[in-house]
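Subject: Structure handover

Hi,

Here is the structure I promised to pass on. Have a look around it, then read my notes below.

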Amino acid sequence: MEGNKSGVKAKIQKFGSYLSGMIMPNIGAFIAWGLITALFIPTGWAPNEDLATVVGPMITYLLPLLIGFTGGHMIYGMRGGVLGATATIGAIVGTDIPMFLGAMILGPLGGFLIKQIDKLFEGKVKQGFEMLINNFTAGILGGALTLIAYTGIGPVVQGLNEVMASGVRVIVDANLLPLASVFVEPAKVLFLNNAINHGILGPLALDQAADAGKSILFMVESNPGPGLGILLAYMVFGKGMARLSASGASVIHFLGGIHEIYFPYILMKPVLIVAAILGGASGILTFTLLDVGLVATPSPGSIFAYLAMTPRGDYLGMLSGVFISAAVSFGSAGFLLKVTKSTEEDDALTEATERMQDMKGKKSAAAAHLTGGATQEPVAADTSTFVAGPVNKVIFACDAGMGSSAMGASLLKNKFKKADIDIFVTNTAINQIPEDADIVITHKDLTERAIAKRPDARHISVDNFLGSPKYDELVNELKRKDESA
């Protein structure tokens with residue numbers, strides 16, 4: 001039974017990671033749309049009728065097409081991306097709502113189908129006809145998918161969207177939206193938030209924002225208040241390493257927007273999930289009563305992102321909701337910490353952090369702060385013992401290609417700079433590892449997927465993107481290689 005639960009949870013996490021992989025690379029475009037909306041719509045900071053005309057085409061065409069392209073690209077590179085975007089346009093034109101859910105379906109579908117067609121023709125095309133066949137198979141499939149999306153998938157998705165939107169409206173009108181915290185807050189700790197936030201709430205919120213200029217649904221999962229309250233409670237009522245580390249974690253969480261930093265504090269005392277739920281519900285209730293919302297997704301969930309995405313006139317309500325939720329979670333967490341058995345051992349937080357990272361399926365860069373980098377990772381074996389040939393590009397890859405992999409890439413860049421090693425280092429999602437990558441660095445649980453994606457590259461497995469001895473080994477190896485050249 002336990003194994004089945006773990007398998008289901010892993011599948012949901014993988015699904016959420018895939019949804020996140022389609023959304024996260026395009027967050028910059030979402031923020032751009034949100035800023036333009038906040039500035040130039042009639043209720044914005046600087047109303048401008050001409051500039052406001054950009055808002056509609058961006059949410060109707062640009063954002064869904066970017067999602068469709070990214071979804072197809074994750075499956076089959078540039079060719080898959082083109083088919084994904086082509087199929088998405090059919091759903092866009094065939095409906096009268098922003099087609100985000102349709103893009104999440106049609107993007108990967110287009111990439112998958114063109115990949116299968118290419119496999120079907122592989123080795124069967126006469127020399128000189130490759131380009132002709134490639135172009136026409138993509139064109140015929142793209143045209144067919146566009147028509148299918150226009151007549152079938154788009155209307156179906158619009159119907160589902162209207163059903164979900166009606167359900168959300170019923171909950172909002174009945175002032176029951178705070179009850180969503182009963183599901184959302186535990187889901188965050190179990191890393192199921194991507195499936196909820198990007199798969200359901202995000203698209204519905206964008207629909208609402210397109211009509212009303214803002215949506216409270218952007219705030220249901222991303223509110224930094226509940227986590228802040230729990231960390232503050234540890235600062236006041238906690239013991240040992242948990243108390244000492246909570247202040248730094250609160251800065252990373254509230255200002256940096258990396259919510260995973262507080263998850264181990266809940267896992268160390270699971271009863272604190274009650275404090276997170278109460279904090280989240282009180283925040284949503286406050287947002288509802290004060291009729292506030294955001295204009296776009298606040299990513300990451302930092303107070304700075306909240307300030308940037310808040311429409312004019314909603315700042316007091318937004319800040320009230322965030323700080324009321326923090327106060328409620330602080331009070332309830334403090335009470336629970338006082339009345340429950342104290343855990344004073346310094347290794348309790350380390351153990352909770354390890355449990356959190358096991359559930360996530362990879363080491364957390366932010367969580368390295370919690371143990372001060374004190375835990376030595378076991379040395380993971382590379383798939384090769386030396387660098388063969390020239391090295392021009394090093395890639396850090398994780399699920400979404402942001403966060404932990406970005407921190408690891410930055411760390412290695414600094415090490416290369418100090419060692420006078422001129423090699424390009426960047427980070428990316430594991431499904432988007434470039435073909436010219438010479439070295440790919442991943443968490444050990446993701447290395448197998450990375451090898452399947454780029455079998456010709458050298459792969460290095462690490463346990464922690466922020467604290468691996470593999471980086472120094474690689475630097476020394478490349479320095480010796482340069483000296484012997």
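Let's start with E477, which is buried because its relative accessible area is 16%. Here buried means under 20% relative accessible area, exposed means over 50%, and partly exposed is anything in between (1.4 Å probe, protein chains only). Before going on, a word on where this comes from: it is a predicted model, where local features need pLDDT of at least 70 and side-chain atom pairs count only at pLDDT 80 or more, while totals for chains, interfaces and linings use all residues. Residues are numbered from 1 along each chain as its sequence is written, and side-chain values use heavy atoms, with hydrogens and water left out.

**Salt bridges**

What does E477 pair with? Its side chain meets that of R458 in a salt bridge, at 3.3 Å from N to O. The two come from distant parts of the chain, 19 residues apart, with R458 in strand β4 and E477 in helix α17. Helices (H or I, at least four residues) and strands (E, at least two) are DSSP runs, numbered from the N terminus. R458 is buried too, as its relative accessibility is 9%.

How many salt bridges does a search of the whole structure find? It turns up six, counting a side-chain nitrogen of Lys or Arg within 4 Å of a carboxyl oxygen of Asp or Glu. Another of them joins K415 and D472, whose closest N and O atoms are 3.0 Å apart. K415 sits in helix α15 (residues 404–418) and D472 in helix α17 (residues 470–484), so this pair ties together parts that are 57 residues apart in sequence. Both ends are partly exposed: K415 has a relative accessible area of 25%, and D472 has 38%.

K470 is buried at 9%, whereas E473 is partly exposed at 40%.

R458 brings us back to β4 (residues 458–462), where five of five residues are buried. In a regular strand the side chains alternate between the two faces of the sheet. In β4 both faces are covered, with R458, I460 and V462 on one side and H459 and S461 on the other. Strand β3 (residues 439–443) runs parallel to β4, and five bridges join them; strands pair if DSSP finds at least two bridges between them. One example is I439, whose bridge partner in β4 is R458. To get from β3 to β4 the chain passes through helix α16 (residues 447–453), in a right-handed β-α-β crossover. Right-handed means that, with the strands pointing away from the viewer, the path from the first strand over the helix to the second runs clockwise.

Helix α8 (residues 225–237) has 13 residues and should span 18 Å at 1.5 Å a residue, which agrees with its end C-alpha atoms being 18 Å apart. The expected span is 1.5 Å times one less than the number of residues. Among the buried residues of α8 are L228, I230 and Y234.

I114 belongs to helix α4 (residues 100–121) and counts as buried because its relative accessibility is 0%. Its C-alpha atom is 10.0 Å from that of G81, 33 residues away along the chain.

Happy exploring!
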